[in-house]
Amino acid sequence: MAAGGGGFTQDPPAEVWSEAAAAFGLLASPARLHIVWALAQGESDVTGLAERVGGALPAVSQHLTKLKLAGLVRSRREGRRQVYFVDTADGADVVTVVRLVVDQLSNRAARTRVPAARLRGL
């Protein structure tokens, strides 16, 4: 079989597939995708993120913990607030993929007016 447009001549090692699957598994949550999307636009505290993504504070906090453990998100303390942001060293590639997929799906939905629910299971 011919290689894809990426220029690879052989398949990546098993560790790469495992890391990719873990990253996609982590992003399989709509809330975590929305959090990554929001943090790609700019840093925020958990209250601002909860308002933006429409989640409860404890749930958003748990999502942020998972994203931090995965190395996609970092935080810093500002007084009593914890401010979250995308880890540009480790999370930039993932943010690029999230932006690409979300932009493509948004554009497709706008063009065809197909509800996002119909995209499930494709």
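This is a predicted model: local features need pLDDT of at least 70, side-chain atom pairs count only at pLDDT 80 or more; totals for chains, interfaces and linings use all residues.

1. Residues are numbered from 1 along each chain as its sequence is written, and side-chain values use heavy atoms, with hydrogens and water left out.

2. Five salt bridges are found in the whole structure (a side-chain nitrogen of Lys or Arg within 4 Å of a carboxyl oxygen of Asp or Glu). A network of them links Glu43, Asp45, Arg76, Glu78 and Arg81.

3. Arginine 81 pairs with aspartate 45 in a salt bridge, with 3.7 Å between the closest N and O atoms. This pair links distant parts of the chain, 36 residues apart: arginine 81 is in strand 3 (residues 81-86) and aspartate 45 in strand 1 (residues 44-45). Strands are DSSP runs of E, at least two residues, and helices are runs of H or I, at least four, numbered from the N terminus.

4. Aspartate 45 is buried at 17% relative accessible area, whereas arginine 81 is partly exposed at 40% (buried is under 20%, exposed over 50%, partly exposed in between, with a 1.4 Å probe and protein chains only).

5. Arginine 76 forms a salt bridge with glutamate 78, the closest N and O atoms being 2.8 Å apart. Arginine 76 is partly exposed at 31%, and glutamate 78 is partly exposed at 36%.

6. Valine 97 lies in helix 5 and is partly exposed, at 37% relative accessibility.
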